[in-house]
Amino acid sequence: EPVASPLVTPSASADSFSHQRHKAINCISCHGTRAGQGRLTFEPPRGCQICHHQAAASSNCRQCHGENETAAALISHVVITVPRQPPRPRDVSFQHEKHTSLRCVECHTTSVSLAPDSAVTACVSCHEKHHEPDRNCSSCHRTTQIVAAHQRPTEAHVGCDGCHTPAIVAELVPTRSLCLTCHGDQDHYAPRECTVCHLQNTPDGYRSHLSGAGT
């Protein structure tokens, strides 16, 4: 008995593919002409994507991809690297609804499939530099790993560049948002800055302590 070609697969079921919507396309663009009518000459979904993703930059992705496809949070596995420390794997929850200011093709860049590339799935392509004032640090960094990494004898409030890159530490300001990354369960007196009472200084005044030179 002859072995079927791996490129020949059963046609899509009648309720998932509309021939009416594709009537402008010649049948042999998708179907073989030999025995076994109705069988495709390509492997879906890639075969479909070759046509449907041709003009991704100008296409309206939501015409095909409804909100139900992007509503659920996606878990992305990333590896956090800190100098002189072993890499720490971490699962990050990605939500499309928080990235609506971006166009789909800014992240979905792989040819044909439009899958996001490795830099996107690792988050670093956009979030490499994100220590600006007024950022909600705890929205991404409040995890059990953070608390465990800063247990004593580590002094979490000074000399952060003992582990972290000095250039990154130089951008940090110990604002209330940064403090809540570890102290979320101790949140009180909003919106006052934590350093004013607990460290007797303003966030800007205390930031020099975050580097070894300031201690």
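Where is the place of Y189? Y189 sits in the loop between α9 and α10, where helices (H or I, at least four residues) and strands (E, at least two) are DSSP runs, numbered from the N terminus. This is a predicted model, in which local features need pLDDT of at least 70 and side-chain atom pairs count only at pLDDT 80 or more, while totals for chains, interfaces and linings use all residues. Residues are numbered from 1 along each chain as its sequence is written, and side-chain values use heavy atoms, with hydrogens and water left out. Here is a short tour, grouped by topic.

**Confidence**

- The chain has a mean pLDDT of 81, and 86% of its residues reach 70 or more; pLDDT is the predictor's confidence in each residue, from 0 to 100.
- Over residues 1-15, pLDDT stays under 50. For this stretch the model has 20 contacts beyond four places in sequence, a contact being heavy atoms within 4.5 Å.

- Y189 has a phi near 55 degrees, which is a positive value in a residue other than glycine.
- Is Y189 buried or exposed? With 63% relative accessibility, Y189 counts as exposed; the classes are buried under 20% relative accessible area, exposed over 50%, and partly exposed in between (1.4 Å probe, protein chains only).
- P191 belongs to the loop between α9 and α10, and the peptide bond that leads from A190 to P191 is cis, with omega near 0 degrees.
- D187 makes a salt bridge with R176, and their closest N and O atoms are 2.2 Å apart. A salt bridge here is a side-chain nitrogen of Lys or Arg within 4 Å of a carboxyl oxygen of Asp or Glu.
- Why does this pair tie together parts that are 11 residues apart in sequence? D187 lies in the loop between α9 (176-183) and α10 (194-198), whereas R176 is in helix α9, so the pair links those parts.
- The two partners fall in separate accessibility classes: D187 is partly exposed at 41% relative accessible area, and R176 counts as buried at 13%.

**Other salt bridges**

- How many salt bridges does a search of the whole structure find? The search gives three.
- R152 and E155 meet through their side chains in a salt bridge, at 3.6 Å from N to O. R152 counts as exposed, at 69% relative accessibility, and E155 is partly exposed, at 33% relative accessible area.
- R152 also takes part in a cis peptide bond, the one from R152 to P153, with omega near 20 degrees. P153 is located in the loop between α7 (144-149) and α8 (166-171).
- D204 pairs with R207 in a salt bridge whose closest N and O atoms are 3.9 Å apart. D204 is exposed, with 54% relative accessible area, while R207 counts as partly exposed, at 30% relative accessibility.

**Cysteines**

- A search of the whole structure turns up zero disulfides, a disulfide being a pair of cysteine sulfur atoms within 2.5 Å.
- C61 is in no disulfide, and its nearest cysteine sulfur, that of C104, is 3.8 Å away. C61 is partly exposed, with a relative accessible area of 27%.
- C137 is likewise in no disulfide, and the nearest cysteine sulfur belongs to C179, 9.0 Å away. C137 is buried, with 19% relative accessible area.

**Other places to look**

- S177 belongs to helix α9 and is buried, with a relative accessible area of 16%.
- Which residues does S177 contact, leaving aside its neighbours within four places in sequence? S177 is in contact with R135, N136, C137 and S138.
- Q200 is in the loop between α10 and α11 (203-206). Although Q200 is not a glycine, its phi is positive, at about 50 degrees, and Q200 is exposed, with 61% relative accessible area.
- A71 has its place in the loop between α2 (67-70) and β1 (74-80), and A71 counts as exposed, at 59% relative accessibility.
- A71 and Q95 are 24 residues apart in sequence, and their C-alpha atoms are 7.5 Å apart in space.
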